[in-house]
Amino acid sequence: MSSSAESSVLRDFEMFRNSRESIDVPLRLWMPDDDAVAFAWVGRVHNLFLGRTSLPLQAGILPGRLRGRFLQGTRACRVQAKVWVQQIPQLGPNDLLRLIRDGLAGATVAARTDFTRDGRLDLILAIGGPGSRTAVALVERRFTLKRASVEHHWLRVVKSSQNQGFGAQIIGALLPLYEALAVYEIRITAGLSAGGAVWGKFGFVPDADEWLRLKSTIQANIRAVMDQEDLSPVVREICEAAQWLASNDDPKNLWIISDLAAKQSIQGEKLGTLLLRNVRWRGSLSMADLEAVNRLRDRLILSGIGSAALDSLAAAAARR
Amino acid sequence: MTQRNMTLKRDSTHVQGTRATIDDGFESAECALEREQADADTLTPDWDLASRITTARGALERGVPADIVRKAYGEKIFAAASAHSVEPEIAHAAI
């Protein structure tokens with residue numbers, strides 16, 4: 001006999017199962033950004049062989065995997081409803097979907113849940129484009145609710161000039177969801193596909209042990225720049241500041257390094273980007289860290305995204 | 001098919017080392033953010049001036065030597081960050 005909360009979750013699942021709306025997810029979207037090229041090609045050949053270029057996903061939130069196994073149909077819904085109520089009693093699937101869609105200006109969303117063996121909730125979201133059935137983004141967020149933490153595990157977006165600010169938009173769009181799930185820390189792995197600079201601009205800080213590891217790479221990058229003979233005195237002075245920053249133990253110095261030489265480029269690259277090249281790090285953004293929140297807020301506002309959700313989340317983190 | 005593709009992605013996400021360089025019409029969040037920031041830099045120099053002033057001020061408060069902050073950010077931002085009377089809102093409005 002299921003509880004009324006489980007019945008409610010089950011009703012939401014059934015509603016989504018009967019939905020006729022779907023999103024076509026191009027198979028290319030599933031390719032990991034830090035994966036071997038060979039692997040990507042094997043996947044493509046495999047899909048070509050099967051004659052598929054996209055994967056239709058029913059809109060709404062539906063059960064994906066449970067403890068490592070795929071479950072489908074009515075049984076999956078029943079089992080997942082039970083786990084759902086244990087893990088996130090405060091929010092039903094329909095509420096959760098509404099929160100996500102509100103942040104994405106009502107875009108169609110197909111989400112799949114994955115409750116892992118170690119108690120994590122993974123949420124995989126395919127986001128539809130405006131007026132289109134084709135997905136423009138695939139997102140995976142891994143929630144460790146016991147630690148009030150979420151891992152920004154995966155995000156791929158369609159490369160288009162019409163989607164300016166889309167990367168930042170998705171960061172902002174999911175903040176109300178984090179507040180509803182009482183999640184106050186966002187974790188990332190920086191430098192997987194681009195340089196390690198951009199996350200620092202959004203307020204992310206390397207873990208203390210990661211910073212200690214990174215310092216030598218950054219110092220080597222600084223030396224490589226300073227070895228150039230035609231370096232302007234201004235850039236040389238900035239590099240001297242960078243040397244101090246990279247020798248100090250405060251991980252937030254990465255923010256300053258990522259900001260370096262906004263106007264000066266070396267070989268077509270910003271100095272900050274250059275110094276953080278080949279730098280991969282694990283880090284986080286704590287909503288209880290006012291300085292980090294301010295830095296994220298500035299970036300969201302600059303990308304044309306409102307900061308109300310962030311302010312509300314930061315206030316909730318401060319009240320804990 | 002669904003299962004196969006989800007597994008395909010999941011099992012491979014944290015492979016270290018080589019990186020995909022093929023252009024398949026999609027990009028990672030990191031690439032998207034980096035491109036967005038670079039485009040904004042090109043279109044509007046100083047678009048993130050307020051953010052840099054805020055960070056420079058925070059650095060001074062955290063004990064980063066004033067000379068390092070001045071060298072890193074330049075005189076204009078250093079002056080704005082050092083001026084305690086300049087509230088963040090005013091710094092934003094000054095852009």
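Strands are DSSP runs of E with at least two residues, numbered from the N terminus. In this predicted model, strand β1 of chain B covers residues 26-28, and B:Glu27 is found in it.

Is B:Glu27 buried or exposed? A residue counts as buried if 20 or more other C-beta atoms lie within 10 Å of its own. B:Glu27 has 24 such atoms within 10 Å, so it is buried.

Which residues does B:Glu27 touch, leaving out those up to four places away in sequence? In chain A, it touches A:Arg156, A:Val157 and A:Lys159. In chain B, it touches B:Ala32. B:Ala59 sits 32 residues from B:Glu27 along the chain. Their C-alpha atoms are separated by 33 Å.

## Chain A as a whole

Chain A has 320 residues, and 49% of them count as buried. It holds 13 helices and 13 strands. Take the contacts in chain A with a separation of 6 or more: 69% of them join residues 24 or more positions apart.

## The nonpolar core

In soluble globular proteins, nonpolar side chains tend to be buried together. Here, the largest nonpolar core has 114 residues. Those with the most contacts inside it are A:Ala137, A:Ala242 and A:Ile257.

What does A:Ala137 touch, not counting residues up to four places away in sequence? Its partners are A:Ile127, A:Leu155, A:Arg156, A:Val157, A:Val158, A:Phe166 and A:Ile170.

Helix α1 of chain A runs over residues 4-17, which makes 14 residues. From its first C-alpha to its last it reaches 20 Å, close to the 20 Å expected at 1.5 Å a residue.

In this helix, A:Val9, A:Leu10, A:Asp12, A:Phe13 and A:Phe16 are buried. Seen down the axis of α1, the buried residues fall within an arc of 155 degrees, so they line one face of the helix. An α-helix has 3.6 residues a turn, so residues three or four places apart point the same way. The buried residues of α1 pack against strands β2 (54-58) and β3 (60-66) and helices α3 (73-87) and α4 (93-103) of chain A.

## Three domains

Chain A is divided into domain 1 (4-24 + 56-160), domain 2 (198-285) and domain 3 (287-319). Taken over C-alpha atoms, 24 Å separate the centres of domain 2 and domain 3. Their contact takes 6 residues from domain 2 and 5 residues from domain 3. On the domain 2 side, the residues divide into 4 nonpolar, 1 polar and 1 charged.

Terms used:
Residues are numbered from 1 along each chain as its sequence is written. Chains are lettered from A and ligands numbered from 1 in the order in which they are written. This is a predicted model: local features need pLDDT of at least 70, side-chain atom pairs count only at pLDDT 80 or more; totals for chains, interfaces and linings use all residues. A nonpolar core is a set of buried Ala, Val, Leu, Ile, Met, Phe, Trp, Tyr and Cys residues joined through C-beta atoms within 7 Å. A residue is buried if 20 or more other C-beta atoms lie within 10 Å of its own, exposed if 12 or fewer, and partly exposed in between; C-beta atoms are placed from the backbone. Two residues are in contact if their C-beta atoms, placed from the backbone, lie within 7 Å. Domain bounds come from an automatic or database domain assignment. Ala, Val, Leu, Ile, Met, Phe, Trp, Tyr, Cys and Pro count as nonpolar, Asp, Glu, Lys and Arg as charged, and the others, Gly among them, as polar. Helices (H or I, at least four residues) and strands (E, at least two) are DSSP runs, numbered from the N terminus. The expected span of a helix is 1.5 Å times one less than its number of residues. The arc is that of the directions from the helix axis to the C-beta atoms.
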